[in-house]
Amino acid sequence: MATADPNFIHLSSPQKENGVSESPGQLDAGALFVLKSRGSWLHSGYHLTTSIVGPVIFSFPFALSLLGWAPGLLITTLQALITFYSYNLLSVILDHHAQLGKRQLRFRDMARDILGPRWGKYFVGPLQIAICYGAVIGCILLGGQSLKFIYLLYNPSGKMQLYQFITIFGTVPLFLAQIPSFHSLRHINLASLLLVLAYSACVVAGSIHIGNSRNAPNKDYSIKGSKENRILGAINGISIIATTYGCGIIPEIQATIAPPVKGKMFKGLCVCFGVIVSTYFSVAISGYWAFGNQSQPSILSNFMDENRPLLPSWFLLLTNIFTLMQLATITVIYLQPTNEVFEKWFANPKMDQFSARNVMPRLVLRSLSVIIGTTFAAMFPFFGDIMALFGAFGVIPLDFILPMVLYNLTFKPSRQSIIFWANTLIAVASSALVAMGALASVRQIILDAKTYNLFANV
């Protein structure tokens, strides 16, 4: 006798038309408690913006310095268009299955249903968890570095070490991680969207001020280095731009939308990409214009000249506070996939979400998750180099290869159609980008290996 798959919401025919799901009793605890479908399209826009837009945009001027004006802006624009297209494809696939009566709530659900059970269980699921948890560690590390920057700004001879700042910052997501569901983050993620606009405006204003000042750096837009280094640098620049558009949790975000879901994610994507266009390009253009090929991997480093701030201390403090606050929200949003897995394994869906039976394991496991992530960030302050390698092998396949494959397998477009060949071309080009990104990441790891020490004060 057939059994109901607990990982999907099954709909009867009248319910399919109205987008109303059956009793939540079919859902496992992860879907029932963490992926509550109560949000609007606007809420999805907040979630998308927090998951994609972050302090990684500070690396855009550096990426342009590796590529030059025309190639850099062209690749940034193309990547934005491809990303919007890719994420919209995922949303269309999810809408399609919801209308057929199987609403997929997680990336691994999509892979299992379209590619087969092993793809979801052994490839997509573990890959997504690894990437998202790596993002958690990376955000905690960046938060610690931002705290240290503020500390040295007002106490240049201070003796506190980086791992101490990482530990301090880690206490913030330790509390925020206890927020019960993804949908519960909607107001926090609205604040995150506003913080992105705030610190982007600060960076743009700071770059323009320095670029027009008497002590403005020499504006040299030539690409430095030998021919070999320029080629490797260009590969690195392309990889940086591609991974800054990464998300990895599109199905989980769409799962938070209340049915009927059709068309709502597209509106959320429009909100998100409105923020992306206004921040990515403004930071990239103003930063590269001001500092040229002297742009640092983080534009904030260009605001200091041999430990002497080029901008008022209060301005740098404000920029870093905005950044710190938004890093905390990003950390929490990327904890959601592990939170969902914990709930699925250890919570009882037949009992109330806030019963002692479900609250205790939630409190312990989510706290341990943040504590372990904070420990890794403190121990491996060079984790950014490692994460770049994982990004090449994880973010690009999840966000720019898999959607094309899933769409072609779901809708089976004619091999003579434009959409089939567009999807195939994007998948092939993204596969090449995986190889290039891995090459650039390994090269950077080799260059930085001499600085690798546990609990290094970098």
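Is Ser65 buried or exposed? Select Ser65 in this predicted model and you will find a buried residue, because its relative accessible area is 6%, below the 20% cut-off for that class.

**Stop 1: around Ser65**

Show the cartoon and you will see Ser65 sitting in helix α4, which covers residues 60-67.

**Stop 2**

Let's move on to the second largest pocket, which holds about 310 Å³ of space. To centre your view, pick Gln79, Ile82, Ala429, Ser430 and Leu433, the closest to its centre among the 15 lining residues. Then colour helices α5 (69-100), α10 (227-244), α16 (383-411) and α17 (418-448), each of which supplies at least two residues of this lining. Of these, α17 gives the most, with 7 residues. Colouring the lining of this pocket by class shows 13 nonpolar residues, 2 polar and no charged.

**Stop 3: the cavity**

Select Phe342, Glu343, Phe346, Ala347, Asn358, Pro361, Arg362 and Leu365 to display its lining. Two or more of the lining residues come from each of α14 (336-346) and α15 (356-379), and α15 gives the most, with 4 residues. By class, this cavity lining has 5 nonpolar, 1 polar and 2 charged residues.

Technical notes:
Residues are numbered from 1 along each chain as its sequence is written. This is a predicted model: local features need pLDDT of at least 70, side-chain atom pairs count only at pLDDT 80 or more; totals for chains, interfaces and linings use all residues. Side-chain values use heavy atoms; hydrogens and water are left out. Buried means under 20% relative accessible area, exposed over 50%, partly exposed in between (1.4 Å probe, protein chains only). On a 1 Å grid over the protein atoms alone, a cavity is a set of points where a 1.4 Å probe fits but cannot get out, and a pocket is an open set with protein on both sides within 12 Å along at least five of seven lines; lining residues have an atom within 4 Å of a point. Grid points are joined across faces, edges and corners, and a volume is the space filled by probe spheres set on the points. Ala, Val, Leu, Ile, Met, Phe, Trp, Tyr, Cys and Pro count as nonpolar, Asp, Glu, Lys and Arg as charged, and the others, Gly among them, as polar.
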